[in-house]
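I opened this entry to look at how two chains meet.

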Protein chains: 2
Amino acid sequence: MADRFFVEGFSKKNKEQKIDWLRQTYLKNKPEDIEILKKYWLPDKHLQSLHEGFAENTLSNFTLPFSIAPNFPINGKLYAVPMVTEESSVVAAAAKAAKFWFEHGGFRAEVKGKIKTGHIHFFYDGSPADLQKFLDDHKQEYAERLRPFTENMEKRGGGIRSVELENHSDKLPGYYTWTFRFDTADSMGANFINTILEEWSDYFEEDFAREYGLKPEVVLRILSNYNPECLVKVRAEAVISALKTGMSGEEYARRFVKALDIARVNPYRAVTHNKGIMNGIDAVVLATGNDFRAVEAGAHAYASRSGKYTSLSNAFIRDGKLIFEMEIPLALGTVGGVTRIHPMAKTALDILQNPDAEELMKIAAATGLAQNFSAVHSLITEGIQKGHMRMHLNNILLQMNVTDEERKKLSDYFRNKKVHVRAVKEKLEEWRKNRA
Amino acid sequence: MADRFFVEGFSKKNKEQKIDWLRQTYLKNKPEDIEILKKYWLPDKHLQSLHEGFAENTLSNFTLPFSIAPNFPINGKLYAVPMVTEESSVVAAAAKAAKFWFEHGGFRAEVKGKIKTGHIHFFYDGSPADLQKFLDDHKQEYAERLRPFTENMEKRGGGIRSVELENHSDKLPGYYTWTFRFDTADSMGANFINTILEEWSDYFEEDFAREYGLKPEVVLRILSNYNPECLVKVRAEAVISALKTGMSGEEYARRFVKALDIARVNPYRAVTHNKGIMNGIDAVVLATGNDFRAVEAGAHAYASRSGKYTSLSNAFIRDGKLIFEMEIPLALGTVGGVTRIHPMAKTALDILQNPDAEELMKIAAATGLAQNFSAVHSLITEGIQKGHMRMHLNNILLQMNVTDEERKKLSDYFRNKKVHVRAVKEKLEEWRKNRA
């Protein structure tokens, strides 16, 4: 597969050389793209070079809007929540929901657990009893040997919480795991966990072979992004008679609960319902330099834990109140990764008054529930499109090269009308023709 | 809950006023953060203002590295894949996997379907036969009435593909859906789908009430992010005897398949395994201005479709070959959303030679499988930490205020050693003391 697009040693080129290679290959007739790549460089060279260190083969920056949703009431404190999202209306929806629940006493959030998991996955065809005995014999000794790796974490209140043998040989012949539970304090803890697992596994392979004359085959040593014990619960309650929504409180609460019931029983709805929750959560995760792929994977797997994919949030009526709540696993950190080295992530954490990991879990969960509330609220009242239409019109206009005056006129004209590309084009053409 | 942090009319303030409010409240003692917010503004004011239009309450930009993984062989064509990720080693891993599979004939990808779904969720306590009759009577007429909304989409090859009644009253009393299948051509199609659903629903409510004297209660009208018929398949095959990995081809293939078997049977591993796939996919999704929350929700729900959360990819040995493949739902667009209005997303699409939606699905899927390959490869050979350690050291050094000379010395020193914060600190202090 010889090819003029094949390149040898790309990673060794410097940024200018990499861009130059693109200029000669994929962007041959696109000088404007070369300009764009450079236009997104930060004027501060030190900052720019910092960002180029985060990933490999970096040519430029991809920017996402950094926004604020103020008036977020969580456990009696008010937050301005930093959100990073490219999806229009998400921040506005969060801010609206925050204000709505502010009037009903705000969000209550609590962390139910902060345990993260990791596994040494191995195959072995001897007696499971020997494995268990090996663990009992070496547990303490290995904890000592690992001290150089755990000492710092222990000082911060974290460490290894348990090691257990799990027998999975019913699923695959001879498959076992050493299953670890960790507390990683305020860090995401990926490097900590993986280092412990690799060390422990090295000790295990060597010692077990010597003591039992049998070498287990270790295949994988890695943290899990499924952390059902790293869980936060968030709840909001409103007195139904006090609900102000344009319909009676009873009617609103009844419709709200029905919408949540649908998301519980129908996976096609549950996926989108949960996607709305993640719109809020990921925006906080991104803003604070956390890893949204990890959070997404854990949350959606949790949504499927019963054997049927279902909604993460729930609503019901009790004692004249509409109760709206969610439990979600969120393994977040406020140290480690890029949380402290991305200056905007550091600023986001400052805006949040430097929360610890538990506090950040609560903030992210409340933002997710708020986002979910806004989506359901729109859906059961005016429908989702009316709110989106202004945004949609905005996007259409951005592509149509309209003047400021035309933009204003079109926005006014379509305020209470259905927006679709053809209608906007026709209206614009009509005006331009009349003016010509 | 009166509070000095409460703010009225925040969205109506301009950007400077919003930042000023933060300066007086949450960032009172953090003038450096105010500086940071401004340092990330793009020097080109027109560009900056464009980005502020994407979301609400936008104060600045959050930057993620925009990188390139070259030499990506997909269906006989070579791509340089634009990737946006904050996670170090992801781009390097993709590039490495691309080169590895280049030597084995590359990735084969095919789109198995491009159908997206949407629903009108409603409650009704009459006869389901009446609903079915209503649909049969009005299907054609409604298609005509919707013409102004579907015309453009039909010109581009898309449109409504089917409408069906689904009876869910076994799950919730009186719960039904009008279930729509759409082809949205090269667009993500969210606005198109939601508009059709809301229109159709309006016709339905009015006409059904008139004809049958019974008003169904429509609760939700919305697209689904669960799109198991919007599916792409990607596959790579290597002749086992030709595998060059530092162990015999047979041994490598055997270990590789075992690692995939583990991810198939153990959800704790499957979640992390799939997270690795999404590291690659999301980086392409972000770079091209698509919505990663939608893609994540759909992919993980698909991973749980059997009733047990499992791996999205699979590997097996056949006819002397290691076969590695994946099927994943990816509802992507190359028009709509910010794909064409974010200049960096447009550049990313140019670098990919302006693929249509199907081509982009293939590219993203191949990048996901490549990422998965690199992760499994590291895990079954040297372990994941050795590769991460260089990155980890880099992050530690970024926080330690080291000189360039110290950075070089520490990097050399730790090249083949275990990296943990304490060890790096100790070494640095030792050198500094000796020098003093």
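I looked up the contact between the chains first: 156 residues of chain A and 156 residues of chain B take part. The model is a predicted one.

Next I wanted an area. The size of an interface is often given as the accessible area lost when the parts come together. For chain A and chain B I noted about 13,800 Å² buried, with 61% of that coming from carbon and sulfur atoms.

I found 19 salt bridges between chain A and chain B. One of them joins A:K30 to B:D350, with 3.7 Å between the closest N and O atoms.

Which element gives the most to the side of chain A that touches chain B? I found that β1(A) does, with 14 residues. By class, that side of chain A holds 73 nonpolar, 47 polar and 36 charged residues.

Last, I checked phi angles. A:N57 is not a glycine, yet its phi is positive, about 50°. A:N57 sits in the loop between α3 (45-52) and β1 (58-74) of chain A. Is A:N57 buried or exposed? I put A:N57 down as buried because its relative accessibility is 8%, under the 20% cut-off.

B:A185, also a residue other than glycine, has a positive phi near 50°. I placed B:A185 in the loop between β5 (175-183) and α7 (190-212) of chain B.

Technical notes
Residues numbered from 1 in each chain as written. Chains lettered and ligands numbered in written order. Predicted model: local features only at pLDDT ≥ 70, side-chain atom pairs only at ≥ 80, totals over all residues. Heavy atoms only, no water. Helix = DSSP H or I, 4+ residues; strand = E, 2+ residues; numbered from the N terminus. Buried < 20%, exposed > 50% of the residue type's maximum accessible area, 1.4 Å probe, protein only. Contact = heavy atoms within 4.5 Å. Buried area = accessible area lost by both parts, 1.4 Å probe. Salt bridge = Lys/Arg side-chain N within 4 Å of Asp/Glu carboxyl O. Nonpolar A, V, L, I, M, F, W, Y, C, P; charged D, E, K, R; others polar.
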